[in-house]
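Student: I have a new model open and would like to go through it with you. Could we begin with the pocket?

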Amino acid sequence: MTTAEQASTAPRPTLRALAAVEQPHPIGSGRVVTGLVITAVLLGSQTLAASAPLRSDVRLLLPSEGLLAGLGDGLRRGYGLAMEQSAICGITPPTLQLGWLPPGADPAAPLRAASRSALLVAPPAAPLEAYGRLADQQRLTVLLPLQRGRSLEGLPQLRGSDRLWPLVPGRSLEVDRLAQALLSEGIKRVMVVRDRTAESKALSERFEASYANGNGQVIGPTAAPLAVEATDRAALRQLVGDVDWYRPPALVVITNPDSRLEQAIRTATWPETTLLAWPFPVTAAMEQGQIGVDPLSRGPGWSAFARSFEKRWGYAPGPVESAGYDTGLMAALASVRAQGQPGWNLAWFNANAKPQPLCRALKLRAQGLAVRPMGASSRLDLSPGVPPTANLQLSRR
C-alpha cells in the first residue's frame with residue numbers, strides 16, 4: 001500500500017500511521033501556501049534505511065515497534081500544527097525527515113549512514129547515554145520530546161548532556177504536586193507504599209523529600225515508604241493491618257496505572273477515613289476518598305494550542321500532541337537566521353525571558369534577541385539536561 005493509500009484509509013483520531021501527504025484545511029490563499037509548504041516538508045520524510053537519503057534541517061526519530069510505536073501519530077500532528085502556524089507567521093518551516101528505530105536502539109550506526117541534519121528529535125524513552133555520545137561526537141543538538149522517567153535524574157552527568165534538551169516535565173513533578181496537594185489540605189502524616197520497580201523506588205524517595213520540605217511526615221512500621229510485591233498476599237495483609245493500626249489520614253500509593261499493586265490496593269479494605277493518593281488520575285470510584293494527579297502538564301500556551309489542534313484535527317489533544325507541538329516551536333525558531341546564522345545550537349533560547357506567542361517569538365529571533373516561546377506542554381523554562389516545569393491539575397473522586 002502506498003503512503004497516499006494509507007492516508008486515505010486510516011481513521012484520523014486513532015493512533016495509526018499519519019500519512020505524510022495530509023493537507024491542512026484551506027482558509028484563503030495564505031493557508032493554501034501554508035499547505036504547499038507543509039506538504040513539501042512532510043514529503044521529505046523517509047526511514048533511516050532509505051537508499052538515497054535527502055538532507056533535512058530536522059530529523060524526527062520514532063519507535064518502529066512495540067507499545068511506543070503508536071505515539072508517532074500524535075507527535076507528528078502536534079509538530080505539523082506548529083509548522084503550519086510558522087508558515088502563517090511568514091517563515092518557511094524547516095525541512096523534516098522521519099526515521100524509525102526499535103525502542104531502546106543506539107542511533108549512532110543508522111545515523112552515520114544517513115545524511116546529517118541540523119537538529120535531531122529523539123524518540124520516546126530514548127537511551128540517553130547513547131544520544132549524549134552522539135550529540136557530543138557530532139556537535140548536534142537533540143530534543144527529547146517524551147522523556148519523563150527515571151533516566152532524567154542522571155542526565156546532567158552524562159557525556160553530551162549540554163546538547164540534550166528535555167521538553168516535558170519528568171514524572172518527579174507529579175509526586176511533587178501530590179505532596180503539595182496533601183499538605184495544602186492539612187494532611188501532615190501519611191503512609192507510603194510502592195511497588196518493587198526502580199522507578200517506583202526513586203519516585204517514593206522524591207515524594208518523601210518533597211513532603212518533608214513542607215513539614216510532612218511519613219509514618220508506619222519503618223517511618224519510610226514500604227515496598228510491597230502485589231502477588232505477596234501475606235505482605236498485603238500486613239499492609240492492611242499496618243494501615244488499620246496507624247490510621248494515617250492518607251495512604252500514598254507510588255506505582256503505575258493499572259499495575260498489579262494498584263489493583264491489589266483497590267480490592268483491599270481500608271479505614272473509611274483514609275484517603276488514597278495516586279501519582280496519576282483517579283479513574284475508579286471507591287468507598288474511600290481519592291486524590292490523584294493528571295499527567296497532562298500544561299504551559300501558558302496550552303489553551304490556544306488545544307483550540308487550534310482540535311479545530312485542525314477534530315479531537316482534543318493530549319500530552320503526546322502537545323509535546324510534538326512544543327518540539328515544532330523549538331525547531332521553527334532554531335531555523336530562523338539572525339545575523340546571517342541559524343540557531344540550531346539553541347544559544348538564542350532564554351529560559352528566563354517572557355514567554356512569547358509564536359509570531360512574536362519568530363520576529364524577536366530574526367532580530368537576534370533572546371527568546372522563549374509560549375509552551376503548550378510546559379513552561380519551557382528548561383535548559384540542557386534539565387526538564388521544564390508545568391502546571392499539573394489534580395484529579396479527585
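Student: Which residues lie nearest the centre of the largest pocket?

Tutor: Keeping in mind that this is a predicted model, the largest pocket is lined by 32 residues, and those nearest its centre are Arg148, Arg171, Glu174, Pro295 and Pro319.

Student: And which elements give two or more residues to that lining?

Tutor: Two elements do so, namely helix α6, which covers 172-184, and helix α11, which covers 319-335; the largest share comes from α11, with three residues.

Student: How much space lies in the largest pocket, and how do its lining residues divide into nonpolar, polar and charged?

Tutor: The space in the largest pocket comes to about 740 Å³, and its lining is made up of 17 nonpolar residues, nine polar ones and six charged ones.

Student: Changing topic, in what order do the strands form the sheet?

Tutor: The sheet is open and has five strands in the order β2-β1-β3-β4-β5, with parallel pairing. Its edge strands, each of which pairs on one side only, are β2 (96-101) and β5 (164-166), and from one strand to the next the twist averages 20°.

Student: What packs on the sheet?

Tutor: Helix α5, residues 128-138, packs on the sheet and touches β1, β2, β3, β4 (141-144) and β5, while its direction makes about 135° with that of β5.

Student: Back to the strands for a second, over how many bridges do β1 and β3 pair?

Tutor: Strand β1, residues 58-63, pairs with strand β3, residues 119-121, over three bridges in the parallel sense; within that pairing, Leu60 has Val121 in β3 as its bridge partner.

Student: Last topic: how many disulfides does a search of the whole structure find?

Tutor: The search finds one disulfide, formed by Cys89 and Cys359, whose sulfur atoms are 1.9 Å apart. This pair links distant parts of the chain, 270 residues apart, with Cys89 in the loop between α3 (71-88) and β2, and Cys359 in helix α12 (residues 358-366).

Student: Is the link of Cys89 and Cys359 left-handed or right-handed?

Tutor: The link of Cys89 and Cys359 is left-handed, with -85° about the S-S bond.

Notes. Residues are numbered from 1 along each chain as its sequence is written. This is a predicted model: local features need pLDDT of at least 70, side-chain atom pairs count only at pLDDT 80 or more; totals for chains, interfaces and linings use all residues. Side-chain values use heavy atoms; hydrogens and water are left out. Two strands pair if DSSP finds at least two bridges between them. Helices (H or I, at least four residues) and strands (E, at least two) are DSSP runs, numbered from the N terminus. Axes are lines fitted to C-alpha atoms, for helices over the stretch in contact, and angles run from 0 to 180 degrees between N-to-C directions. Contact means heavy atoms within 4.5 Å. On a 1 Å grid over the protein atoms alone, a cavity is a set of points where a 1.4 Å probe fits but cannot get out, and a pocket is an open set with protein on both sides within 12 Å along at least five of seven lines; lining residues have an atom within 4 Å of a point. Grid points are joined across faces, edges and corners, and a volume is the space filled by probe spheres set on the points. Ala, Val, Leu, Ile, Met, Phe, Trp, Tyr, Cys and Pro count as nonpolar, Asp, Glu, Lys and Arg as charged, and the others, Gly among them, as polar. A disulfide is a pair of cysteine sulfur atoms within 2.5 Å.
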